Structure formats: structure tokens, C-alpha cells
Amino acid sequence: MTPFTLRLAGAVLAALLCAPTCALAQTEVRMWTLLSGGDGARMAALVERFNASQREVRVVSTTLKWGEPFYTKLITSSVVGAGPDIATVHLSRMTNLAGGGVLRPIAPNELRQAGLNPGDFYPRQWEKSQHAGKTYAIPLDLHPLVLYYNKNLVGNAGLLDAGGNLKPIQGIDALTSAFRAVRQATGRPGMTMESNQSSYAVLRLWLSMLAQREVPLIQNGRFAYGAAGVDSLTRISDWFAKGYAQAGLNYQASTSQFMGGNAGFMINGVWEVPEMVRATKQGTLGFEYGIVPLPRMYGNDSVWADSHAFAIPANEGEPMSPQKLRAVMRFIAFVTKNSLTWAEGGHVLAYRPVAESPAALSLMPNRLYAEVARSVIYAPDAWYMGAAGPLEAMASKYLPAALSSQLTPTQALRMFETEAALLLRKRAPRY
């Protein structure tokens, strides 16, 4: 056998030996997520389904602590090129993350190659995923505030119609009267919501009220809510001062108060829907519940919301390979097109072909508040805004104090504005 023949035979043998291994080679995609609880379980199930559906890509997901710890780690890791390949983020953080260089833009041809069309997403969510004319995230959902109600307590207060559903509530006075009626008829709180210091709920409700009054939070780099902002916070604090709601409850205590049948209404996000469904199926809830969009308290139906989305960290100095990018986009497209599972978490879907499917439209209790998608507002676009952002953290220090009467609404807003005004003057960071 000649030397050439020996080399050829060796090459053929090496290829044959490599074939099984090469065929099993996978592209690993590392994902960081801030999703926990039911949302975390649903995302884990989607990851498992994707991994089982093919052999070319394997997604490995890591859950980090929600809020500031997650975003701090995402920012710092991406800046030094050590971030994940994909991350779940809030669209309310787009100005901060995309503007700060933390995320990599997704080009139109990259969307097309993954089978994703911008026109298939609801316009408001798609618009929020953009920054400086480029796409930086793929929206997954919309999670707004809604109004839950206990049909037993609310019915005793005469607030249900002949079909057993909540009678329409129009106006801030009507909503206040509903809370008062439950308190007077049952002796239990008319309403519950997270209200302790560090609570985000009061800011989200307050922003909804400002939007319903068509009053901006910030305009021309300055706070612009004025008397309407003070009046709105006063109306919220009055519910607590008059005994219609209990002040000082943390998130778990407020949801437990409602789930235990001890409050007529609950103002909370749609993310509590899975717990309501679970308790109903297990027979542990003890009452029949309903859900409606947050009532129109002023001139329109605006309501605060945020959205989860997929984004690709920039990972400075470590550009993503074409093969890895195709794998990432393949996973995003899979979850997007199989997002009915995600809707079971109470979320309003952002991808219209699934959101408008018969299965999604008939999903209960989601269809009770599906119309809310037309009325959502996000926090203003600014680097300091958004989920667990600096301004939200400052608001959570001061606004809840008005609910417990530690501060008057005027004092709470003055202290919040004094501290937060420093943020408005700072230049947006480039990480």
C-alpha cells in the first residue's frame, strides 16, 4: 500500500469514526431568565419542548433573581463579553438596555430567516421593542393591571348583575363607592393591593390614573403631573384612610387576603390568574371569582402594563457566530409560535396568529379581560424607567407612605420628586 493510499484510508477511517459524534453535535444556547414561580415553570416547559423537538440546538436556562439583581448582572456581563446568548427582559427597560449598548440589534433579514414577521405582532408591543429605528427584542406578552373580584362579597354588596357578573363601574367615585359598599355590607376590606414600603403597585396604579387623565408624568425633562398627580394619589390613599383597604401589606399578604376570601376586590396584575385557576380546580379557593379590566376612573381606559420579551445581549468583544445566532432565533421563533402555553399564565399574547386563534380566544379567564390590550400604557421611555429601574425604586420608597398616612400625598410626592429629579438631569449611561 502506497503512502498516499495509507493516508486516504486513515482519513476515511477517521471520518467514519467521527460520524456518530458529529451527527450528535449540538449548538448550546445559554439563556438567562428572571421568570420564577408559575412563569418560570411554563418557560422551563417550553425550553424542554423545544429541546425535545429537534437535535441541533440545546437551550440551557438559568434563573436569576428578579429585578435589579438580574439587570445589574445582565448589564455587567454583557459589557465584558461574558453574558448569555439570550435573555428574557421587560420591554419597559428598552431605552436603558438598548440605548446603553447592552443588547444586540436584530436585523430584518435575521427575523425573516427565523420566520418572524413584524406585522404578526401587536403594534404597541412591537413599537416598544424598537430603539433608534432598530429591533432589540421580540415581544412575548403583555401583563397589565386588572381588577379581580370575589362574587360572594361583591354580591352581598349588591354589585352583581342578574348574570352574576360585576355591574359596570365608571368613574373614580363609583369605584370608591364599590369598595365602601363591600366594607359596609360584609365588614371585610372592600379592596386589597400591595401597599407596604417597597411596593410597586401604587406607582403602577398612579401611572394608570395619570394616563386616564391624559396628564404626563414627565415632560421636557421635568415632572409634569402637577395637581392631577397629587389628587390621584390622594384618592388612592383615601381608600386606606377610610378603612376600605388595609395598609402595610406586602405582596404575599395582599394576595393571601384576597385568596382567603377576606377582600371584595384586588388590584393586581394578570400574573395571579394561574393561582386563581389552580385554587379553583383544587377546590381550595372557597368562592367564585371574576376579573375585569381596570375600570375607567377618569377620561379613558388607560392602564399600566409591561411585557416580557426575548433579547440578545451584545457581549462586547465576543460577537455571536452565525451558527449560534441561527440557533437563538430558532428558539425564539419556536416559543413565539407555541405561546399558547404562555397565555395559560394569564398573559395577553403579543404574537397575533396565536393570540387570535380560537384556542386563545376561548381561554378562560383570559377572555374576561382580553379587551385591555387596546388600552395599555407603558412607563415613559427613559433610561431610568421600567421594571426595577431607578425611578420605580424611588417611587416605592415614598408613595406607599401616603397609603399608611405616614406622609400626606403632597409630602410623599415632594420627597419622591426631589430625589428622582436628580435622575432626570443625568445623562443616559452608555455601559
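Helices here are DSSP runs of H or I with at least four residues, numbered from the N terminus. Keep that in mind as you click through this predicted model.

Start with helix H6, residues 123–128. Select Arg-124 and Glu-127: their side chains meet in a salt bridge, 3.7 Å from N to O. The two are three residues apart in that helix, so about one helical turn separates them. Glu-127 is exposed at 51% relative accessible area, while Arg-124 is partly exposed at 30%.

Next, select Glu-288 and Lys-151, another salt bridge, whose closest N and O atoms are 3.3 Å apart. Glu-288 sits in the loop between helix H12 (273–282) and strand S12 (289–293), and Lys-151 in helix H7 (residues 151–156), so this pair ties together parts 137 residues apart in sequence. Lys-151 is buried, at 13% relative accessibility.

Now move to Lys-397 and Glu-419, joined by a salt bridge of 3.1 Å, N to O. Lys-397 belongs to helix H17 (residues 390–403) and Glu-419 to helix H18 (residues 409–425), so parts 22 residues apart in sequence are tied together. Both partners are partly exposed, Lys-397 at 37% and Glu-419 at 23%. The salt-bridge count comes to 13.

Time to go inside. The largest nonpolar core has 141 residues, and Trp-206 is one of those with the most contacts within it. Helix H13 (residues 322–337) gives the most to this core, with nine residues. What does Trp-206 touch? Its contacts include Leu-217, Tyr-225, Ile-236 and Leu-413.

Val-79 is in helix H3 (residues 68–79) and is partly exposed, at 34%.

Technical notes
Residues are numbered from 1 along each chain as its sequence is written. This is a predicted model: local features need pLDDT of at least 70, side-chain atom pairs count only at pLDDT 80 or more; totals for chains, interfaces and linings use all residues. Side-chain values use heavy atoms; hydrogens and water are left out. A nonpolar core is a set of buried Ala, Val, Leu, Ile, Met, Phe, Trp, Tyr and Cys residues joined through side-chain atoms within 4.5 Å. Buried means under 20% relative accessible area, exposed over 50%, partly exposed in between (1.4 Å probe, protein chains only). Contact means heavy atoms within 4.5 Å. A salt bridge is a side-chain nitrogen of Lys or Arg within 4 Å of a carboxyl oxygen of Asp or Glu. Lists of a residue's contacts leave out its neighbours within four places in sequence.
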